[in-house]
Amino acid sequence: MTEVSETEFLNKILEVVYKLSNIVKTQSPRFKKKWDNYLKPLNEKPHIIRQIPLEKKKFLDDINYRIKVLKNVEQATLDGFYSVKTLLQTFYGSYFDSELFKKDFSEDDQLILKYFVAKEILGNLIQYNKLDHESVPLKYNVIARNYTLIKLKGQMNIEILDSLKKLNIKDVKLADVNNIMKEIESDGIIKIEKKGKRFHYKLKKELEISKEGKKYYSQVLQPLVDFPTLFFRSFFNIRELNVTLDKDFKFRDFLLKVLAKSATQGFSPTNYVFKNLIKYYEKIQEESK
């Protein structure tokens, strides 16, 4: 990998911040508009991702301004996380019990959508799911994480337990899994077979809604359900910062360790990188005094 100088590195950070600023500029108002059009009666104040104003020349020339912008980006990463959390809490805390939901979708579609929405969001965002187990009831989370495997070859209760432990859900026992899967069976989604001392789960009903339900889902829910995956995959991707620094860098070892995290997509590594870029430039600022 080619080594970069301090000037090249600063330009690289500027490119990334500019990219993130543009993502927020387009996606955040779109999310707010779709929310206001449909979910506002249930929650007037979703967590909206803040804008990232950026003056390119000032960012390059003024270290105080640069630190301020980086702090704003770091806060925007937190906003991204909490915007998804607010969405899930609104879906599972109020929307799925609301008259609005019952009016718009048939009883069969209502049942399926509670599982389907979890699959579409948590099924795509494993890193997010490791940090948030509370917003979505566990039975929907289980299907979100295991739907494909249950559909393809079935799953044993011990395998379900293992998948929950990988999400950092530590306090769930095998008996809890058995009870959760009985609930899912009573919803008609899976069938349970006994295999020795273990239980084996196979898919009974695919997560498909009616033709009429699909039509309405695509109008009112899909833009909101798709937002977390679209935002996470674009905003929490700063691989351009995974660079090798030349030997003249101050605090080079510290920075190399920080930048190595940018090779991994996701909220946690992105938040970590920006937190520590702030620390880096604050150190530089201290030295120049």
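This is a predicted model: local features need pLDDT of at least 70, side-chain atom pairs count only at pLDDT 80 or more; totals for chains, interfaces and linings use all residues.
Colleague: How do α1 and α13 pack, in angle and axis distance?
Modeller: Helix α1, residues 6–38, packs with helix α13, residues 267–288, at an angle of about 140°, and their axes are 14 Å apart. Angles over 145 degrees would count as roughly antiparallel, so α1 is oblique to α13.

Colleague: Is that crossing left-handed or right-handed?
Modeller: The crossing of α1 and α13 is left-handed.

Colleague: Which residues meet there?
Modeller: From α1, the residues are Phe-9, Leu-10, Ile-13, Val-16, Val-17 and Leu-20; they meet Phe-274, Leu-277 and Tyr-281 of α13. By class, this contact of α1 with α13 has 9 nonpolar residues, with no polar and no charged ones.

Colleague: Turning to α7 and α9, at what angle do their axes cross?
Modeller: The axes of α7 and α9 (residues 174–186) cross at roughly 80° and come within 11 Å. The two helices are therefore roughly perpendicular to each other.

Colleague: And which residues make the contact?
Modeller: On the α7 side they are Leu-138, Lys-139, Val-142, Ile-143 and Ile-150, and on the α9 side Ile-180, Met-181, Glu-183 and Ile-184. The contact of α7 with α9 divides into 7 nonpolar and 2 charged residues, with no polar ones.

Colleague: What about α10 and α11: how do their axes lie?
Modeller: Helix α10 spans residues 211–220 and helix α11 residues 222–235; their axes come within 4 Å and cross at roughly 60°. That angle makes α10 oblique to α11.

Colleague: Which residues of α10 meet which of α11?
Modeller: Tyr-217, Ser-218, Gln-219 and Val-220 of α10 meet Gln-222, Pro-223, Leu-224 and Val-225 of α11. In the contact of α10 with α11 there are 5 nonpolar and 3 polar residues, and no charged ones.

Colleague: Now the pockets. How much space lies in the largest pocket?
Modeller: The largest pocket holds about 150 Å³ of space.

Colleague: Which helices each supply at least two residues of its lining?
Modeller: They are α7, residues 138–152, and α8, residues 157–166. The largest share of the lining, 4 residues, comes from α8.

Colleague: What are the lining residues, and how do they divide by class?
Modeller: The lining of the largest pocket consists of Ile-126, Arg-145, Asn-146, Leu-149, Gln-155, Glu-159, Asp-162, Ser-163, Lys-166 and Leu-167. These divide into 3 nonpolar, 3 polar and 4 charged residues.

Notes
Residues are numbered from 1 along each chain as its sequence is written. Side-chain values use heavy atoms; hydrogens and water are left out. On a 1 Å grid over the protein atoms alone, a cavity is a set of points where a 1.4 Å probe fits but cannot get out, and a pocket is an open set with protein on both sides within 12 Å along at least five of seven lines; lining residues have an atom within 4 Å of a point. Grid points are joined across faces, edges and corners, and a volume is the space filled by probe spheres set on the points. Ala, Val, Leu, Ile, Met, Phe, Trp, Tyr, Cys and Pro count as nonpolar, Asp, Glu, Lys and Arg as charged, and the others, Gly among them, as polar. Axes are lines fitted to C-alpha atoms, for helices over the stretch in contact, and angles run from 0 to 180 degrees between N-to-C directions. Angles under 35 degrees count as roughly parallel, over 145 as roughly antiparallel, 65 to 115 as roughly perpendicular and the rest as oblique. A crossing is left-handed if the near helix is turned anticlockwise from the far one by less than a right angle, and right-handed if clockwise. Contact means heavy atoms within 4.5 Å.
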